[in-house]
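Q: Could you help me learn to read strands, turns and ring contacts in a protein model, one feature at a time?

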Amino acid sequence: QVQLVESGGGLVQAGGSLRLSCAASGSTFSINAMGWYRQAPGKQRELVAVISSGGSTNYADSVKGRFTISRDNAKNTVYLQMNVLKPEDTAVYYCDARRAFRQEEYWGQGTQVTVSS
C-alpha cells in the first residue's frame, strides 16, 4: 500500500506563487511516474504535470512556463511550484503515483488552491 499526503495549498492573489508537496509513504518501492491533477467545481479533472522516475516531465499547455514539477526520490516526495497564478488555476489539486508492482495507482485526498482576482 502507498499513502499520499498533499500539502501547501491555500489562498493567494493573482500573480502570486505557491508550492505544493506530496509525500509518499508505505510500500513506495517501484513507484514510477508521479503527477499532479486538478479539478475545479463543475469541471472535469485534468492533468497538470507528470514526472517520471528518471526526471522526464510533461505539462498541460495551460500551465507551461508557470508551473514546475520536481521530485526527490530519497524523500519520496513530489513538488509542484506554481508561479504567476491565475484565478482559473483555482481547483483542488490531487497527487497521483503509479507503481510498477501489480500496476497499482494511488491518489491523495487533495489540497485546495484558491486564486483571487
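Q: Which two strands form a hairpin, and how many residues lie between them?
A: Strands here are DSSP E runs of at least two residues, just as helices are H or I runs of at least four, numbered from the N terminus. In this predicted model, S4 and S5 form the hairpin with six residues between them, and Gly-42 in the turn has a positive phi of about 75°. Residue numbers count from 1 along each chain as its sequence is written, local features need pLDDT of at least 70, side-chain atom pairs count only at pLDDT 80 or more, totals for chains, interfaces and linings use all residues, and side-chain values use heavy atoms, leaving out hydrogens and water.

Q: How many bridges join S4 to S5?
A: Two strands pair if DSSP finds at least two bridges between them. Five bridges join S4 to S5 (residues 46–51), and the two run antiparallel, with Arg-38 opposite Glu-46 in S5. S4 is also joined to S9 by seven bridges, again antiparallel, and there Gln-39 stands opposite Val-92.

Q: Where does the charged end of Arg-45 sit?
A: A charge sits over a ring if NZ of Lys or CZ of Arg is within 6 Å of the ring centre and within 35 degrees of the ring normal. The charged end of Arg-45 sits over the ring of Tyr-94, 4.0 Å from its centre, and Arg-45 also lies over the face of Trp-107, at 4.9 Å from the ring centre.
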